[in-house]
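This report describes selected local features of one protein model.

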Amino acid sequence: MVSSPHEAMHRIFQEYPGLFSRVSEVLGVAFSPPTSVAVLPTDLTESRPVERRVDTLLRLDTEHEEPLLLAVESQGKKDPDKPASWTYYLSYLYAKYKTPPVLLVVCQDRATAEWAARPVHIGPKQWASLTLRPLVAGPHNMPLITNAADARKDLALATLSAITHADDPDIGAILKSLSAALREAPESLAGPLVELTAQGLGKRPAAEQWRNLVAVDLSFYTSPLSEEIRDEGRAAGRAEDILLALQQRDIPVSDEARERITTCTDLDVLREWFLRSLTASSAEDVFITE
């Protein structure tokens, strides 16, 4: 049961809200007297489920220090709503797990990284009740690893270097050093890093550089990316066979038919088209199914 002292210590501010400005003055923090006051509901329970998800959450235990929670967020651009969400995440995690949380924000451009790294003070200017201070990893502070020997020392860090520097002019050297280092690593370790690098580069021009390096330097791996590249190579070869067969038979190929053949990646379909190209009377007949 709530005690009377408990009630008195907070209810007095409901009855005399102007008291806060005088108490704050005694405490050495100046707040202006209020001109109006509204008593708000004290129940902070969510009235309906609100989906809130951190990108990655890890509990890290060490030998000599207390455990901590690591919340990792990927941030692609400035978002004025994010600081409030991040503050909520950290407060919730601390309340739920009773373990100190740390927020790490990973960015791929300097402007977003500098924005994310700014401390955010939650509360009035006179006295911030909470201060959000994310750790930020991005192109402004991640190392440029352009040497295979350095990449071998920490393959995961070299991979993160490639991802965070995806738009850097030296990305070609970074990727080349990473592929050289991965070539000597066990496939169980290298395979996931090959995929993560491809995923991290997205649709940037550097992604094509990485695919070419994987095709040449890491062609012996059986990762999904390697298999995809091999399939693309086989598809390109089969498409070339179809066009060559039509050319040898003096059958003209329209731009539309050529594009359809060269952009197809289904090996089974290309095989059927190749067989038809040996007897078809026109390029369009290659695509007709009986």
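## Helix α2

Within helix α2, which spans residues 19–26, the residues L19, S21 and S24 are buried. Buried denotes under 20% relative accessible area, exposed denotes over 50%, and partly exposed lies in between (1.4 Å probe, protein chains only). Helices are DSSP runs (H or I, at least four residues) numbered from the N terminus. G28 follows α2 and has a positive phi, near 90°.

## Basis of the model

The model is predicted: local features need pLDDT of at least 70, side-chain atom pairs count only at pLDDT 80 or more, and totals for chains, interfaces and linings use all residues. Residues are numbered from 1 along each chain as its sequence is written, and side-chain values use heavy atoms, with hydrogens and water left out.

## Salt bridges

Seven salt bridges are present in the structure; the term requires a side-chain nitrogen of Lys or Arg within 4 Å of a carboxyl oxygen of Asp or Glu. One of them joins K82 to E73, with the closest N and O atoms 3.0 Å apart. K82 counts as buried at 18% relative accessibility, and E73 counts as buried at 1%.

Another pairs R110 with E114, at 2.9 Å from N to O. These residues are four apart in helix α4 (residues 110–117), and therefore about one helical turn separates R110 and E114. R110 is partly exposed at 48% relative accessibility, as is E114 at 41%. In helix α5 (residues 148–153), K153 and D150 lie three residues apart, about one turn of the helix, and their side chains form a salt bridge of 3.4 Å, N to O. K153 is exposed, at 69% relative accessibility, whereas D150 is partly exposed, at 37%. An α-helix has 3.6 residues a turn, so residues three or four places apart point the same way.

## Helix α12 and the segment after it

S277 lies in helix α12 and is buried, with a relative accessible area of 0%. A polar atom of the S277 side chain lies 2.5 Å from the backbone oxygen of F274.

E284 is located in the segment after α12 (267–277) and is partly exposed at 40% relative accessibility. Together with D255, E256 and E259, E284 belongs to a patch of negative charge on the surface. Such a patch is made of residues with over 30% relative accessible area and no salt bridge, like charges being joined within 9 Å.

Terms used
Patch = residues over 30% accessible without salt bridge, like charges linked within 9 Å, V, L, I, M, F, W, Y side chains within 5 Å. Areas by Shrake-Rupley, 256 points an atom, 1.4 Å probe, with all protein chains shown as cover. Lys, Arg positive; Asp, Glu negative; His and termini not counted. Charge placed at Lys NZ, Arg CZ, Asp CG, Glu CD. Helix = DSSP H or I, 4+ residues; strand = E, 2+ residues; numbered from the N terminus. Polar contact = N/O pair within 3.5 Å; in protein donor to acceptor, adjacent residues only side chain to side chain.
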